[in-house]
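Dear colleague,

I am passing on a structure that you have not worked with before, and I would be glad if you looked through it with the notes below at hand.

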Amino acid sequence: MGDLFSMVTINDNSDGMYSSVAQYSKLYEDDAVSGGKLGVSVSTCEDCKYIVSGCPESSGVGQAVIYRYSSASGAYEQEEVITSPSPTDGMRYGDGVAISPGFFDNTAKLAIGEPNAMQVHVYQHPDYTDPSKTFIYEATLTSPEGKLR
């Protein structure tokens, strides 16, 4: 049982057809936790060269794993792991992820959902062209009534 893990497989042969698919790459979580559910949610940013994957059950509190495409190796490599700013068991942090580039600069926005807490956490990357920089927590959006509608 200790050998269980999750992975994300990227399939694309660039022909625009759904029926014929070639495996492009597999992404593994560096410190995978059994049952962490890497790949439950996935978002890509072609401009940023990022793939973000949510792991809502990793270590009980969930996390988001960020991969960056490395032109040196020709593959995606794990760059960063983000956990909830207020980690609580069972809140499913990482159940939904979305990433997009800034409009006129090299910034990127990342939103990570935590549905059982009814929250979305927002992060910004100051310059996605600089691998030495990381995502910075900006804000938490919470349902105004604290409950689902």
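Leaving aside its neighbours within four places in sequence, which residues is Gln-119 in contact with? Please keep in mind that the model is a predicted one. With those sequence neighbours set aside, the contacts of Gln-119 are Ser-86, Ile-112, Gly-113, Glu-114, Thr-140, Leu-141 and Thr-142. Gln-119 itself lies in strand E9, which covers residues 119–125, and its relative accessible area is 18%, so Gln-119 counts as buried, the cut-off being under 20%.

As for the chain as a whole, there are 10 strands and 0 helices, and the pattern along the sequence reads β-β-β-β-β-β-β-β-β-β. Of the 149 residues in the chain, 33% are buried, while the accessible surface of the chain comes to about 8,600 Å², with 52% of that belonging to carbon and sulfur atoms. Where contacts in the chain link residues at least 6 apart in sequence, 39% of them join residues at least 24 apart.

The cysteines deserve a separate paragraph. The count of disulfides comes to 1, and this link joins Cys-45 to Cys-48, with an S to S distance of 2.4 Å; the link is right-handed, with 50° about the S-S bond. Cys-45 is buried at a relative accessible area of 4%, and Cys-48 is likewise buried, at 2% relative accessibility. Cys-55 also counts as buried, with a relative accessibility of 0%.

With kind regards

Methods. Residues numbered from 1 in each chain as written. Predicted model: local features only at pLDDT ≥ 70, side-chain atom pairs only at ≥ 80, totals over all residues. Heavy atoms only, no water. Helix = DSSP H or I, 4+ residues; strand = E, 2+ residues; numbered from the N terminus. Buried < 20%, exposed > 50% of the residue type's maximum accessible area, 1.4 Å probe, protein only. Contact = heavy atoms within 4.5 Å. Areas by Shrake-Rupley, 256 points an atom, 1.4 Å probe, with all protein chains shown as cover. Disulfide = S-S within 2.5 Å.
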